[in-house]
Amino acid sequence: MKKLTLSDYQALAEFRYQIRKFLRFSERAVRAAGIEAGQYQLMLAIKGMPQGVRPRIRELANRLQIQHHSAVELINRREAGGCVRRVRGQDDRREVLLALTPKGEKVLGELAMHHHEELRSAAPELVAALRRLMPQRKDKGGVGKTN
């Protein structure tokens with residue numbers, strides 16, 4: 001296994017710093033909207049669920065990388081806030097799916113727009129930091145090239 005160089009550590013630190021700057025922006029924006037970061041993540045996960053994946057508690061817990069019971073608690077809080085609702089599956093009435101309410105769509109839409117704008121402005125520094133971490137590879141002409 002290769003030993004890391006000082007440059008490797010600096011690249012890791014810079015990437016972590018750039019991610020943290022974005023996350024701090026996100027935490028402030030979400031707090032200003034009157035919700036918690038986890039609640040925003042939940043609503044974003046519901047809206048942005050991959051094609052073919054049903055928005056069930058298990059899938060949301062996985063997408064958020066939290067325990068099932070923690071996902072249930074987040075859902076309960078957003079449901080109490082009028083942003084999320086539980087819906088019975090049409091094929092299997094035992095199945096519980098999650099959906100955003102019109103209020104949830106509005107809250108998420110505003111926050112996501114701010115996050116999208118922030119990412120667009122932060123992207124050059126984030127990409128540069130990520131590129132420093134990516135290994136160089138040789139193309140057919142033998143010239144070093146970044147992936």
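Helices here are DSSP runs of H or I with at least four residues, strands are E runs of at least two, and both are numbered from the N terminus. Just after α4, G82 takes a positive phi of about 80°. This is a predicted model, in which local features need pLDDT of at least 70, side-chain atom pairs count only at pLDDT 80 or more, and totals for chains, interfaces and linings use all residues. Residues are numbered from 1 along each chain as its sequence is written, and side-chain values use heavy atoms, with hydrogens and water left out.

Now take helix α4 itself, residues 68-80. The expected span of a helix is 1.5 Å times one less than its number of residues. For the 13 residues of α4 that gives 18 Å, and the end C-alpha atoms are 18 Å apart, which agrees.

Which residues of α4 are buried? They are A71, L74, I75 and R78. Buried means under 20% relative accessible area, exposed over 50%, and partly exposed in between (1.4 Å probe, protein chains only). Down the axis of α4, the buried residues fall within an arc of 100°, so they line one face of the helix. That arc is taken from the directions from the helix axis to the C-beta atoms. An α-helix has 3.6 residues a turn, so residues three or four places apart point the same way. On the face turned away from the buried side, α4 carries the exposed residues H69 and A80. The cover over the buried residues includes α2 (37-47), α3 (57-64), β1 (84-88) and β2 (96-100).

V96 lies in strand β2. At 25% relative accessibility, V96 counts as partly exposed. Leaving aside residues up to four places away in sequence, V96 touches P55, R56, R86, V87 and R88; contact means heavy atoms within 4.5 Å. The C-alpha atoms of V96 and R54 are separated by 9.7 Å, with the two residues 42 apart along the chain.
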